[in-house]
Every structure is written in C-alpha cells, then in structure tokens.
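This briefing is meant to be read alongside the sequence and the coordinates. Please keep both open while going through the points below.

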Amino acid sequence: MTAMDHLDSLRAGYAARRPQSQNHQVRARHVMPGGNTRSVLHMDPFPIVIARGHADELTDIDGNTYIDCAGEFSAGLYGHDDPVILEALHEAMQGGLVLSGPNRYEVEFAELLCARFPSVERVRFCNSGTEANLFAIQTARNFTRRDRIMVFEGAYHGGVLTFSKVPASMTVPFDWVMAPYNDIETTRALIRAQGSDLAAILIEPLIGAAGNLPAHVDFLRMLREEATRVGAILIFDEVKTSRIGARGLQGETGVTPDLTSLGKYLGAGLPFGAFGGRADLMDIYDPSRADALKHAGTFNNNVMSMAGGLAGLKHLFPPQCAAEFLTRTEAFRQALDCGLADAGLEVCFSGIGSMLSFHLGRRVPQAPTEVNPRSVLLRQLVHLNALERGLALTPRGDIYLSLPMDDARLTQIREILVAALSDELPFVAQANAGFQHKAMTS
Ligand code: PMP
C-alpha cells in the first residue's frame, strides 16, 4: 500500500468511528467558514468534537475517551477540572462579574508574576498571547522611537504575527527583518547592520510552531549582548515556555530579556495574556505621567482570568512544583528516546520538559528551516494512529504534558507513542516526493 493510500485508509477509519463529530462538521459548515473558528484545529476529514474533559482525559461526542496530550497547545497545564481552579472560579463568580474597576485578585497575581520571572519588574494584563506580543512590540517601538523589529524564520507569535519567507497575509505589516534561528554569526551581523534602526528583537526561546526546537543558550546570550549594544529591546515570547522550570526559560538559560510576553496556562483555562519587563520601560504606561501611553482592554483584568490564574500559579504551580515538573518531564523524554532506540526507530523527540515534538532521524533539527518535510507527514499519520489507541496529540503532532499525569500515565503515553511510531515509520520511509508535498499542504 502506498503512503497516500494508507493515510486515506486511516482517515476513513477515523471518520467511520465518529459519526457525531462528522454531523457536527456538516452543521458547522453552514455558519462558520469551513466549519471552523480556529484554523489550527482544522484537520482532514474533520476534527473530533469534544464533549468534556476530566483531569488529563478528553471524551468526544461519539463517546471515545483519550489521554490528552494535545493539552490545549500548552494552555492545559492544570488539566481540565482541577478542584483548586474550579473553587477559585466559583468563589469569583459569587462576587459578580464585569465590575468596572480593579478587583481583589489582580495585584496578588501581578506580584506572583513579578517575583517569578527575572525580567518582569512590572506587568500589565491583556487577553491573549497575540495581544501580549503586540503590546510588547509597541512598548519597544514607542520607548526606543524606532520602527523595525527583528523576528526569526519559522516563528509564530500569534494569529497576526507569523513569520516565514512566504509572506503571511494575516501578519501585521510591521517593519520587520527576519533572521535565521540559532545562527549566531549571521544574526549578529544582521543586528549590527540594522544598528540604530532596530527597536526590538522578538524571539520564542524554544520555537514551538516548527516542532519545539530549543534556542541555544549561546545564541540567546549573543542576542542579549547585541540588543544592548545597538539599544534594541530584547523580547522573549514565553507565552508557552513560561511553564518550563521555576522561572520560565529565561530562568533556565540565565538570559534575561527586557520584556516578556505571557499567556496560555497562566490564565488557568480562561482567556489570558500579559506583558511585562523592566520598570523604566513599563512605566511609560503609568497614567499619572503627562506622556503616558494608553493600554486599554475591557477585559484586561476580568475577574475570572485573574482569580483562576492566581489560584493556579499560587497553589498548583509554585516555583518548586514547576522545577519538579521539569525534572519529571525531562526524564520522560529521555525514557522515550530509549524506547525508540530499543525499538530501532529512527526518530527523535525535541523540546524541553513538558513541550515535545518528534522528528525523523536521530538528531533534533536546530532551526525550523531544517525540519524534514517528511516529519510533517509522520506526525499526521501518528496523530491518527494514536487516536485509535486512545491518545490525543495536536493534529500537527505536538505533545504537551500536564500536571495531572502521574508516572503510570507517562509510561502509558510512552508505550502508545512508541507503538504508533513503529506502525507509521515504514510508510514514511517509502513515501515519495509528491506525497511529501501533498501531506504538507493538506
Ligand atoms: N506566542 C506563542 C509562542 C504561541 O505559541 C502562541 C499561541 N499558540 C501565541 C503567542 C498566541 O497566543 P494566543 O493564541 O493566546 O493569542
């Protein structure tokens, strides 16, 4: 059987076992373009519709239950219904919603964020990671009175902040220059060439969208040095990576940016974003200043995100727990690598701690441009295969581990992944170039 026939047959089996999700898609198509309101959730033939989540499990409307390694693209760190979060949300609701003023939760939440992330001396809240990055960029542009930002090829910083050689029509038309990720010499030369035109350098220190590829510490150090040298603001997008270790990836690498954008799990399942950094930079928003910049947003401090986020960070994920979680999840990745080697599979896992992806070959790509197109195909096949084994990854093959997962659960996940990879790898090995292209664009 060709790889294409195999993919078709996986999809046919998938569809046959999920009639309710299929019906849902038919209905959705009448009122939402393509039946979809969030592009990343689209998949062929249709996505699974989720009825409910409990701890680290999802159940779809056809009654299938899955271990949840999709983890809401990292926002699902606390699982689906942790009692601590639910209680905090119930309590917040008792106090009423839409209060038109500062509330009881936001200062303590801000204090925790400032105490935790080395770069964050002051913080402001918003409603998504996209917004956090937009505000961080505008903070840097206003502070430096410069326009241009440096971004990295293959980076994703939000729905209107996608950067690749092929121009993305949804990307905000900032004056941006693109640099190669993890390439010290080329990027250093580019920064120096931009010199005093450069307002900011924006980087996700573990580039997620391209398959969880960590930045080299030396590369980040170079960015830190060169940003200071040309007077540009270094922004770390830690929307996802702030879950790594006790102080985010800036704490783990020891490289402190000027500004940090945050989001995802920090809202404990509710819409959330935040940007923060050096006090002198952030204080341009102090409304008592004559030259204050305005940062508006009706729901910036909405009680639900504030109360849920505060409860999660304070009670479920204090620095010590985050450090332990990193150790446990790093051990998981190493065990997974051993499992693959034992099974003789030419696959490796990239990422740090609870954020993982897999790639063909035994060496993790160092930059998005190095990702083998056939890895994309492998992820599509493994995604479908794993679903039938009761494990949900993201459709593009990312894996996010969550706090409710105990060691027995991690073992189960490892076994399923090794089995699914063993099944699917032979099909990818024999796929031809035409197939690769089709798989990537579908
Ligand atoms: N930055 C990164 C690194 C992200 O992965 C994402 C979302 N996947 C965002 C920003 C945007 O966050 P949001 O979806 O909350 O707008």
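Into which domains is the protein divided? The division is into domain 1 (3-77 + 319-441) and domain 2 (83-316), with bounds that come from an automatic or database domain assignment. This is a predicted model, in which local features need pLDDT of at least 70, side-chain atom pairs count only at pLDDT 80 or more, and totals for chains, interfaces and linings use all residues. Residues are numbered from 1 along each chain as its sequence is written, and side-chain values use heavy atoms, with hydrogens and water left out.

**Domain arrangement**

- The C-alpha centres of domain 1 and domain 2 are 27 Å apart.
- In the contact (heavy atoms within 4.5 Å), domain 1 takes part with 31 residues and domain 2 with 26 residues.
- The two domains bury about 2300 Å² between them, and 61% of this is on carbon and sulfur atoms; buried area is the accessible area (1.4 Å probe) that two parts lose on being put together, summed over both.
- Of the area that domain 1 buries against domain 2, 25% is supplied by Ile 352, Met 355 and Pro 368, more than by any other three residues.

**Ligand surroundings**

- An N or O atom in the side chain of Thr 130 is 2.5 Å from a ligand oxygen atom.
- For Asp 237, a side-chain N or O atom is 2.7 Å from a nitrogen atom of the ligand, and for Lys 264 a polar side-chain atom lies 2.8 Å from a ligand nitrogen atom.
- The ligand taken alone exposes 390 Å², of which the protein buries 83% (Shrake-Rupley method, 1.4 Å probe).

**Backbone exceptions**

- Most residues other than glycine have a negative phi, and most peptide bonds are trans.
- Asp 44 and Pro 45 are joined by a cis peptide bond with omega about 0 degrees; Pro 45 is in the loop between α2 (19-31) and β1 (50-54).
- Val 98, not a glycine, has a positive phi of about 45 degrees and is placed in the loop between α3 (83-94) and α4 (106-116).

Technical notes. A polar contact is a pair of N or O atoms within 3.5 Å; within protein, one must be able to donate a hydrogen and the other to accept it, and residues adjacent in sequence count only if both atoms are side-chain atoms. Helices (H or I, at least four residues) and strands (E, at least two) are DSSP runs, numbered from the N terminus.
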